[in-house]
Amino acid sequence: MRVIRAKDYLDASRKAANIISAQVILQPDSVLGLATGSSPIGIYQRLISWYEKGDIDFSQAKAINLDEYVGLSSIHNQSYAYYMRHNFFDHINIDIRNTFIPNGLDRNARRECSRYDKIIHDLGGVDLQLLGLGPNGHIGFNEPNEEFVKGTHCVELSQVTIDANARFFESKDQVPSKAYTMGIMDIVRARRVVMIVSGEKKAQAVLDSFCGPVTPKVPASILQLHGDFILVADEAALSLVGDKL
(Lines give C-alpha, C1' and ligand atoms only; values in the text may rest on other atoms or scores of the structure.)
Protein backbone atom coordinates (compact mmCIF):
# COMPACT_ATOMS: atom_id res chain seq x y z
CA MET A 1 0.00 0.00 0.00
CA ARG A 2 1.32 3.41 -0.99
CA VAL A 3 -0.10 6.70 0.26
CA ILE A 4 0.15 9.88 -1.81
CA ARG A 5 -0.68 12.88 0.35
CA ALA A 6 -2.35 15.86 -1.25
CA LYS A 7 -3.09 19.36 0.00
CA ASP A 8 -6.72 19.45 -1.09
CA TYR A 9 -9.21 17.94 -3.54
CA LEU A 10 -7.76 19.64 -6.62
CA ASP A 11 -4.26 18.48 -5.72
CA ALA A 12 -5.51 14.93 -5.07
CA SER A 13 -7.37 14.93 -8.41
CA ARG A 14 -4.24 16.04 -10.28
CA LYS A 15 -2.06 13.41 -8.62
CA ALA A 16 -4.55 10.60 -9.28
CA ALA A 17 -5.02 11.76 -12.88
CA ASN A 18 -1.24 11.64 -13.35
CA ILE A 19 -1.26 7.95 -12.44
CA ILE A 20 -4.08 7.15 -14.88
CA SER A 21 -2.48 9.24 -17.62
CA ALA A 22 0.81 7.38 -17.24
CA GLN A 23 -1.06 4.06 -17.40
CA VAL A 24 -2.70 4.94 -20.74
CA ILE A 25 0.46 6.45 -22.23
CA LEU A 26 2.58 3.41 -21.33
CA GLN A 27 -0.14 0.88 -22.19
CA PRO A 28 -2.53 2.43 -24.74
CA ASP A 29 -4.87 -0.58 -24.77
CA SER A 30 -5.33 -0.53 -20.99
CA VAL A 31 -8.57 -1.75 -19.41
CA LEU A 32 -9.58 1.02 -17.03
CA GLY A 33 -11.99 0.28 -14.21
CA LEU A 34 -13.87 3.52 -13.63
CA ALA A 35 -15.87 4.99 -10.77
CA THR A 36 -18.66 7.55 -10.49
CA GLY A 37 -19.89 9.97 -7.84
CA SER A 38 -18.35 13.27 -6.83
CA SER A 39 -14.83 12.02 -6.02
CA PRO A 40 -13.59 11.22 -9.58
CA ILE A 41 -14.96 14.32 -11.34
CA GLY A 42 -11.78 16.33 -10.83
CA ILE A 43 -9.76 13.43 -12.24
CA TYR A 44 -11.92 13.22 -15.35
CA GLN A 45 -11.66 16.98 -15.87
CA ARG A 46 -7.87 16.76 -15.74
CA LEU A 47 -7.76 13.86 -18.17
CA ILE A 48 -10.08 15.68 -20.59
CA SER A 49 -7.86 18.74 -20.44
CA TRP A 50 -4.75 16.70 -21.20
CA TYR A 51 -6.56 14.90 -24.02
CA GLU A 52 -7.55 18.24 -25.56
CA LYS A 53 -3.90 19.31 -25.44
CA GLY A 54 -2.90 16.14 -27.28
CA ASP A 55 -1.10 14.60 -24.31
CA ILE A 56 -3.26 11.45 -24.01
CA ASP A 57 -4.86 9.19 -26.59
CA PHE A 58 -7.75 6.99 -25.41
CA SER A 59 -8.53 5.46 -28.82
CA GLN A 60 -7.25 2.00 -27.85
CA ALA A 61 -8.36 2.03 -24.22
CA LYS A 62 -11.30 0.12 -22.79
CA ALA A 63 -13.38 1.16 -19.80
CA ILE A 64 -15.52 -0.92 -17.50
CA ASN A 65 -17.53 0.72 -14.77
CA LEU A 66 -18.03 -0.46 -11.24
CA ASP A 67 -21.77 -0.16 -10.93
CA GLU A 68 -25.19 1.06 -12.01
CA TYR A 69 -28.51 1.71 -10.29
CA VAL A 70 -31.17 -0.92 -10.85
CA GLY A 71 -34.24 0.60 -12.49
CA LEU A 72 -32.58 3.54 -14.27
CA SER A 73 -32.16 3.60 -18.04
CA SER A 74 -28.87 4.65 -19.60
CA ILE A 75 -30.44 7.96 -20.64
CA HIS A 76 -31.74 8.85 -17.16
CA ASN A 77 -29.76 11.86 -15.98
CA GLN A 78 -28.88 10.16 -12.69
CA SER A 79 -27.78 6.87 -14.22
CA TYR A 80 -24.08 6.15 -14.16
CA ALA A 81 -24.15 5.52 -17.91
CA TYR A 82 -25.29 9.12 -18.35
CA TYR A 83 -22.75 10.32 -15.80
CA MET A 84 -19.87 8.69 -17.66
CA ARG A 85 -20.90 10.11 -21.03
CA HIS A 86 -21.53 13.59 -19.63
CA ASN A 87 -18.41 13.77 -17.45
CA PHE A 88 -15.88 11.81 -19.50
CA PHE A 89 -16.63 9.67 -22.54
CA ASP A 90 -18.22 12.41 -24.69
CA HIS A 91 -15.11 14.56 -24.27
CA ILE A 92 -12.36 12.09 -25.23
CA ASN A 93 -11.69 9.79 -28.19
CA ILE A 94 -12.52 6.48 -26.53
CA ASP A 95 -14.54 4.12 -28.72
CA ILE A 96 -17.95 4.00 -27.03
CA ARG A 97 -18.18 0.33 -28.07
CA ASN A 98 -15.26 -0.29 -25.71
CA THR A 99 -17.08 1.14 -22.68
CA PHE A 100 -19.10 -1.16 -20.44
CA ILE A 101 -21.64 -0.42 -17.70
CA PRO A 102 -24.21 -2.74 -16.09
CA ASN A 103 -27.69 -2.62 -17.59
CA GLY A 104 -29.87 -1.14 -14.88
CA LEU A 105 -33.07 -2.00 -16.76
CA ASP A 106 -32.48 -5.74 -16.67
CA ARG A 107 -34.36 -6.84 -13.56
CA ASN A 108 -33.08 -10.40 -13.95
CA ALA A 109 -30.14 -10.08 -11.56
CA ARG A 110 -28.67 -13.51 -12.25
CA ARG A 111 -28.62 -12.92 -16.00
CA GLU A 112 -27.18 -9.40 -15.81
CA CYS A 113 -24.54 -10.27 -13.24
CA SER A 114 -23.45 -13.29 -15.25
CA ARG A 115 -23.25 -11.14 -18.40
CA TYR A 116 -21.10 -8.54 -16.66
CA ASP A 117 -18.77 -11.11 -15.13
CA LYS A 118 -18.22 -12.54 -18.62
CA ILE A 119 -17.35 -9.08 -19.98
CA ILE A 120 -14.71 -8.61 -17.27
CA HIS A 121 -13.33 -12.09 -17.96
CA ASP A 122 -13.26 -11.57 -21.73
CA LEU A 123 -11.41 -8.27 -21.29
CA GLY A 124 -8.71 -10.10 -19.36
CA GLY A 125 -9.46 -8.26 -16.13
CA VAL A 126 -8.76 -4.68 -15.15
CA ASP A 127 -5.35 -3.05 -15.54
CA LEU A 128 -6.07 -0.02 -13.35
CA GLN A 129 -9.11 0.32 -11.13
CA LEU A 130 -10.16 3.78 -9.93
CA LEU A 131 -12.13 3.90 -6.69
CA GLY A 132 -13.74 6.37 -4.33
CA LEU A 133 -14.53 5.54 -0.72
CA GLY A 134 -18.00 5.50 0.78
CA PRO A 135 -18.61 6.99 4.23
CA ASN A 136 -19.23 3.46 5.55
CA GLY A 137 -16.17 2.04 3.80
CA HIS A 138 -17.99 0.75 0.73
CA ILE A 139 -16.20 0.45 -2.61
CA GLY A 140 -18.32 0.38 -5.73
CA PHE A 141 -21.62 -0.55 -4.13
CA ASN A 142 -20.09 -3.33 -2.05
CA GLU A 143 -21.76 -2.48 1.24
CA PRO A 144 -20.70 -3.65 4.72
CA ASN A 145 -21.54 -7.33 4.93
CA GLU A 146 -20.80 -10.55 6.77
CA GLU A 147 -18.64 -11.75 3.86
CA PHE A 148 -16.83 -10.42 0.82
CA VAL A 149 -19.02 -11.07 -2.23
CA LYS A 150 -16.83 -12.21 -5.11
CA GLY A 151 -18.57 -11.50 -8.41
CA THR A 152 -20.98 -8.96 -9.85
CA HIS A 153 -24.13 -8.90 -7.74
CA CYS A 154 -27.29 -6.97 -6.96
CA VAL A 155 -27.04 -4.97 -3.74
CA GLU A 156 -29.67 -3.57 -1.41
CA LEU A 157 -28.21 -0.13 -0.75
CA SER A 158 -27.70 0.85 2.87
CA GLN A 159 -29.44 3.89 4.30
CA VAL A 160 -26.03 5.54 4.70
CA THR A 161 -25.40 5.17 0.96
CA ILE A 162 -28.90 6.30 0.00
CA ASP A 163 -28.52 9.37 2.22
CA ALA A 164 -25.11 10.15 0.71
CA ASN A 165 -26.46 9.92 -2.85
CA ALA A 166 -29.71 11.78 -2.18
CA ARG A 167 -28.05 15.09 -3.09
CA PHE A 168 -28.03 13.99 -6.72
CA PHE A 169 -31.81 13.48 -6.81
CA GLU A 170 -34.76 15.81 -6.28
CA SER A 171 -35.70 13.88 -3.16
CA LYS A 172 -34.40 10.98 -1.11
CA ASP A 173 -37.42 8.93 -2.20
CA GLN A 174 -36.16 8.98 -5.78
CA VAL A 175 -32.83 7.32 -4.95
CA PRO A 176 -32.93 3.70 -6.18
CA SER A 177 -32.72 1.13 -3.42
CA LYS A 178 -30.75 -1.42 -5.44
CA ALA A 179 -27.68 -1.42 -7.67
CA TYR A 180 -25.56 -3.81 -9.68
CA THR A 181 -21.93 -3.70 -8.64
CA MET A 182 -18.67 -5.31 -9.60
CA GLY A 183 -17.67 -7.77 -6.89
CA ILE A 184 -14.76 -7.54 -4.49
CA MET A 185 -12.87 -10.28 -6.31
CA ASP A 186 -12.71 -8.38 -9.59
CA ILE A 187 -11.72 -5.18 -7.80
CA VAL A 188 -8.82 -6.79 -5.94
CA ARG A 189 -7.77 -8.70 -9.05
CA ALA A 190 -7.10 -5.41 -10.83
CA ARG A 191 -3.38 -5.11 -11.48
CA ARG A 192 -3.31 -1.67 -9.88
CA VAL A 193 -5.92 0.06 -7.71
CA VAL A 194 -6.01 3.83 -7.20
CA MET A 195 -8.38 5.38 -4.66
CA ILE A 196 -9.09 9.09 -4.29
CA VAL A 197 -10.45 10.35 -0.97
CA SER A 198 -11.09 13.93 0.02
CA GLY A 199 -12.63 15.78 2.90
CA GLU A 200 -13.06 15.51 6.64
CA LYS A 201 -16.31 13.54 6.22
CA LYS A 202 -14.27 10.62 4.86
CA ALA A 203 -11.61 10.70 7.60
CA GLN A 204 -13.29 8.03 9.76
CA ALA A 205 -13.75 5.76 6.74
CA VAL A 206 -10.03 6.11 5.91
CA LEU A 207 -9.09 5.26 9.49
CA ASP A 208 -11.41 2.24 9.62
CA SER A 209 -10.43 0.99 6.16
CA PHE A 210 -6.66 1.23 6.36
CA CYS A 211 -5.74 1.29 10.04
CA GLY A 212 -8.12 -1.38 11.28
CA PRO A 213 -8.67 -5.10 10.65
CA VAL A 214 -9.47 -6.55 7.24
CA THR A 215 -13.18 -7.29 7.47
CA PRO A 216 -16.19 -7.39 5.12
CA LYS A 217 -17.88 -5.02 7.57
CA VAL A 218 -15.50 -2.40 6.13
CA PRO A 219 -15.27 -3.49 2.48
CA ALA A 220 -12.37 -1.18 1.53
CA SER A 221 -10.20 -2.84 4.19
CA ILE A 222 -9.54 -5.69 1.72
CA LEU A 223 -7.29 -3.29 -0.19
CA GLN A 224 -4.74 -3.52 2.62
CA LEU A 225 -3.86 -6.89 1.05
CA HIS A 226 -3.52 -5.64 -2.54
CA GLY A 227 -0.02 -5.74 -3.98
CA ASP A 228 -0.28 -2.44 -5.89
CA PHE A 229 -2.76 -0.21 -4.09
CA ILE A 230 -2.31 3.57 -4.09
CA LEU A 231 -4.34 5.80 -1.77
CA VAL A 232 -4.44 9.43 -2.92
CA ALA A 233 -5.91 11.47 -0.09
CA ASP A 234 -5.95 15.08 1.02
CA GLU A 235 -5.03 16.46 4.43
CA ALA A 236 -8.63 16.48 5.66
CA ALA A 237 -9.25 12.85 4.73
CA LEU A 238 -6.03 11.82 6.48
CA SER A 239 -6.69 13.92 9.58
CA LEU A 240 -7.43 10.96 11.87
CA VAL A 241 -4.69 8.56 10.83
CA GLY A 242 -1.69 10.55 12.04
CA ASP A 243 1.49 8.59 11.30
CA LYS A 244 -0.31 5.24 11.05
CA LEU A 245 -0.08 5.28 7.24
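**Entry 1: aromatic pairs**

I looked up ring pairs and found that the structure holds 9 aromatic pairs. I counted Phe, Tyr and Trp rings (the six-membered one for Trp) as paired with centres within 6.5 Å, calling planes under 30 degrees apart stacked, over 60 edge-to-face and the rest tilted. The rings of Phe88 and Phe89 have centres 6.0 Å apart and planes at 35 degrees, so this pair is tilted. Phe88 and Phe89 are both buried, where buried means under 20% relative accessible area, exposed over 50% and partly exposed in between, with a 1.4 Å probe and protein chains only.

I then checked Phe210 and Phe229, an aromatic pair that is also tilted, at 5.4 Å centre to centre and 35 degrees between the planes. Phe210 sits in helix H7 (residues 203-210) and Phe229 in strand E10 (residues 229-234), so the pair ties together parts 19 residues apart in sequence. Phe210 and Phe229 are buried. I also noted a cluster, linked by ring pairs, of Tyr69, Tyr80, Tyr83, Phe141 and Phe169.

**Entry 2: model and conventions**

I am working from a predicted model, in which local features need pLDDT of at least 70 and side-chain atom pairs count only at pLDDT 80 or more, while totals for chains, interfaces and linings use all residues. Residues are numbered from 1 along each chain as its sequence is written, and side-chain values use heavy atoms, with hydrogens and water left out.

**Entry 3: nonpolar core**

I found 75 residues in the largest nonpolar core, and Phe88, Met195 and Leu223 have the most contacts inside it. Such a core is a set of buried Ala, Val, Leu, Ile, Met, Phe, Trp, Tyr and Cys residues joined through side-chain atoms within 4.5 Å. Leaving aside neighbours within four places in sequence, I listed Leu34, Tyr44, Leu47, Ile48, Phe58 and Tyr83 as in contact with Phe88 (heavy atoms within 4.5 Å).

I traced an open sheet of 3 strands in the order E4-E8-E7, with antiparallel pairing. Strands E4 (67-69) and E7 (153-156) are at the edges with a single partner strand each, so one side of each has no neighbour in the sheet. E7 pairs with E8 (residues 178-181) over 4 bridges; pairing requires at least two DSSP bridges. His153 has Thr181 in E8 as its bridge partner.

**Entry 4: whole chain**

I counted 7 helices and 10 strands in the protein chain, as DSSP runs numbered from the N terminus (helices H or I, at least four residues; strands E, at least two). Of its 245 residues, 53% are buried.
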